[in-house]
Amino acid sequence: MPPFHHALPAVFLCLSTSVAHAQNPATYAFSGEAMNVSVGVSDRVALVITDKGDREFAVSGTFANGALFGSFRASGMAQDGCAPTKLCLSFDGVLENLQDGGFDADTVTSLSLTLMFSQNFTNGIGTFRTGVLPSYTRDQYGTLSLSAR
């Protein structure tokens, strides 16, 4: 079942899909490039999105730890107003496990993601924002370019 169950016209189909997702949620794996425009570095990123049904999604992922560091997890929702052939998602969560970047092992900050995917989940683009990290004075912002893996 495609991730667009929320757009199906029949209420019965929406409910049936939601029950199926609760028993066996669909997952979509992506890899690509993350560019932190606040500090001018880029790195590989890998993430997995889980469709939890009822327009709810979860994401978890990691940066390659070359120039960008850490892992992240967040929950989110499908957004209204997205183009008919796209799926737009927004997430709020945390960025953690930053010790490879020289931060203390217990360093955690907020993370927000906004992502747009093709209808068949083959590719996507997005933006991210992290909260302030030690030795930085403000949030950091960046872009993502993703392909299915």
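A residue is termed buried when its relative accessible area is under 20%, exposed when that value is over 50%, and partly exposed in between, with a 1.4 Å probe and protein chains only. The structure described here is a predicted model, in which local features need pLDDT of at least 70 and side-chain atom pairs count only at pLDDT 80 or more, while totals for chains, interfaces and linings use all residues. Residues are numbered from 1 along each chain as its sequence is written, and side-chain values use heavy atoms, with hydrogens and water left out.

In sequence order, the elements follow the pattern α-β-β-β-β-β-β-β-β. Of the 149 residues of the chain, 38% are classed as buried. Phe-63, which is located in strand β3 (residues 56-63), counts as buried because its relative accessibility is 8%. Although Phe-63 and Val-45 are 18 residues apart along the chain, their C-alpha atoms are separated by 4.5 Å.

Four salt bridges are found in the structure, a salt bridge being a side-chain nitrogen of Lys or Arg within 4 Å of a carboxyl oxygen of Asp or Glu. One of them joins the side chains of Glu-33 and Arg-44, with an N to O distance of 3.7 Å. Glu-33 belongs to strand β1 (residues 26-36) and Arg-44 to strand β2 (residues 41-53), so this pair ties together parts that are 11 residues apart in sequence. Glu-33 is partly exposed, at 32% relative accessible area, and Arg-44 is also partly exposed, at 45%.

A salt bridge is likewise formed by the side chains of Glu-96 and Arg-73, at 2.8 Å from N to O. Because Glu-96 lies in strand β5 (residues 86-96) and Arg-73 in strand β4 (residues 71-78), the pair links parts that are 23 residues apart in sequence. Glu-96 is buried, with a relative accessible area of 16%, whereas Arg-73 is partly exposed, with 46%. The side chains of Asp-139 and Arg-129 meet in a further salt bridge, at 3.3 Å from N to O. Here Asp-139 is in the loop between β7 and β8 and Arg-129 is in strand β7, so the parts tied together are 10 residues apart in sequence. Asp-139 is partly exposed, at a relative accessible area of 26%.

On the surface, Val-39, Val-132 and Tyr-136 form a nonpolar patch with about 240 Å² of accessible area together. Such a patch consists of residues with over 30% relative accessible area and no salt bridge, nonpolar side chains being joined within 5 Å and like charges within 9 Å. Val-132 is placed in the loop between β7 (123-130) and β8 (140-148), and Val-132 is partly exposed because its relative accessibility is 43%.

The largest pocket has a volume of about 210 Å³. On a 1 Å grid, a pocket is an open set of points where a 1.4 Å probe fits, with protein on both sides within 12 Å along at least five of seven lines, and lining residues have an atom within 4 Å of a point. Its lining comprises 15 residues, of which Asn-36, Leu-68, Phe-69, Leu-133 and Gln-140 lie nearest the centre of the pocket. The lining of the largest pocket divides into 12 nonpolar, three polar and no charged residues.

Notes. Accessible areas come from the Shrake-Rupley method with a 1.4 Å probe; for residues, only the protein chains shown count as cover. Helices (H or I, at least four residues) and strands (E, at least two) are DSSP runs, numbered from the N terminus. Grid points are joined across faces, edges and corners, and a volume is the space filled by probe spheres set on the points. Ala, Val, Leu, Ile, Met, Phe, Trp, Tyr, Cys and Pro count as nonpolar, Asp, Glu, Lys and Arg as charged, and the others, Gly among them, as polar.
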